[in-house]
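Please open the model in your viewer and keep the selection panel at hand.

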Amino acid sequence: MIRLSKPDLGDEELAAATEVLRSGMLVQGEHCARFEIELAEYLGVLSVIVVSSGTAALHLSLIAAGIGPGDAVVVPDFTFPSTANVVELVGARPMFADVDPSSFNLTPASLEKVIAEWNGSENIRAVMPVHQFGCPADMSSIMGIARQHDLVVIEDAACALGTAHDGVRIGGHGDCACFSFHPRKIITTGEGGAVATNDANFARRLRQLRNHGIERRESGLDFVSSGLNYRMTDFQAAIGRVQLGKVEEYIERRRSLQRIYQSRLAPTSIDLPRVIDGHNWQTYMAVLPDEINRDEMIRLFRDKGIEANLGAYAIHELEYYRLKYPRDCARLADSHASRLYHQGLALPLHPCMTDSDVHEVSDALIEITSGAKV
Ligand SMILES: *Cc1c(COP(=O)(O)O)cnc(C)c1O
């Protein structure tokens, strides 16, 4: 079976985790502190706060930014649902913006459009650009619009570790950037995540909220806010530190596999993702012509021993959002996000794949799409 995605874990990760387990010191400790410093150095930011998942990173960032009831937050319509879910969880209202059909990202134009057309009673307070599948969003333009409207910018960089925009790694473009270390992402700690920021005060609030609202005062510990427990365990951080040492190698390999897909599939009628400088290729999603049934395609691939899947979701088509915001969702019926949700096909891409695996997947895709009706 050629897997869609597979983490690369070996003896080094095993040894690092074992050492922590033997020490008996399991919760956030020395390895978390070092992982944060090493991530900050890699990303070129002031502070990194490691947490229990990418979703925890996003949730904590919204809380730390003081976003809640009465506020509205722009999210791209095409993403993994947690981007929108965390907005709901803090009691704010998500505003759905359509995405670009070939980068799959929020565009400056669609951000401006949802702001201009907004007639809700909530105040637009923030925007959450997603670097979809590791493709860098146009942060220079998005930051310009955000500053003009006084919006907090929380980047959903779950897939974008090592991705760069204008030659600068994602992490310090917005007010903060949230990463995930789920096994599907660029490096993994099992579950895990991190927030990167250049704002020292914001970093302090994140650290406090991650750890039950605890602050160390001269008089001792006190609980100064109603925080959460979103800490990472130390054996996860130990694994993460080993993985971080291989991140550039992983990205190089991904880019090289992506180039094979791109050249093999270029002559077909399949829409390929736009190649943008700095992309880390966390996911390679092709978009099938409308006459091809994507879900049937996934089944045919499985019969050939290849795992493929949908790429991401059109948030406005999901039950929770359809029922809660019927008018907002109806307006997005013909969005690019809808087409990408229904016709997008994520193909296997991970550093453990060989070149010939990519040729095999490409051959299968060409054979199925050119031959019989699917
Ligand atoms: C994976 C992902 C998340 C969630 O990360 P977890 O670590 O699984 O919580 C959020 N947003 C996007 C765009 C993702 O791809």
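In this tour, a residue is called buried when its relative accessible area is under 20%, exposed when that area is over 50%, and partly exposed in between. The model is predicted.

**First stop: helix H2**

Select residues 30-43, which form helix H2. This helix has 14 residues, and the distance from its first C-alpha to its last is 20 Å, close to the 20 Å expected at 1.5 Å a residue. Now colour the buried residues of H2: His31, Cys32, Phe35, Glu36, Leu39, Ala40, Tyr42 and Leu43. Directly after the helix, select Gly44, where phi is positive, near 70°.

Leu161 belongs to the loop between strand E6 (152-156) and strand E7 (164-165). Is Leu161 buried or exposed? Its relative accessible area is 3%, so Leu161 is buried.

Select the ligand, which sits in the largest pocket. Two elements give two or more residues to the shell around the ligand, namely helix H3 (54-64) and helix H4 (82-89). In total, 14 residues surround the ligand, and the closest are Gly54, Thr55, Asp156, Ser180 and Lys185.

- Gly54: a backbone N or O atom lies 2.7 Å from an oxygen atom of the ligand.
- Asp156: a polar side-chain atom lies 2.7 Å from a nitrogen atom of the ligand.
- Lys185: an N or O atom in the side chain is 2.6 Å from an oxygen atom of the ligand.

Taken alone, the ligand exposes 380 Å², of which the protein buries 89%.

Select His212 in the loop between helix H7 (200-210) and strand E11 (214-217). His212 is not a glycine, although its phi is positive, at about 65°. Its relative accessibility is 33%, and His212 therefore counts as partly exposed.

Finally, select Trp281 in the loop between helix H9 (247-265) and strand E13 (284-287). Trp281 also is a residue other than glycine with a positive phi, here near 55°. Why does Trp281 count as buried? The reason is its relative accessibility of 2%, which lies under the 20% cut-off.

Key. Residues numbered from 1 in each chain as written. Predicted model: local features only at pLDDT ≥ 70, side-chain atom pairs only at ≥ 80, totals over all residues. Heavy atoms only, no water. Helix = DSSP H or I, 4+ residues; strand = E, 2+ residues; numbered from the N terminus. Expected span 1.5 Å × (residues − 1). Buried < 20%, exposed > 50% of the residue type's maximum accessible area, 1.4 Å probe, protein only. Near = heavy atom within 4 Å. Polar contact = N/O pair within 3.5 Å; in protein donor to acceptor, adjacent residues only side chain to side chain. Areas by Shrake-Rupley, 256 points an atom, 1.4 Å probe, with all protein chains shown as cover. 1 Å grid on protein atoms, 1.4 Å probe; cavity = no way out; pocket = protein on both sides within 12 Å on 5 of 7 lines; lining within 4 Å. Sits in = over half its atoms within 2 Å of the grid points.
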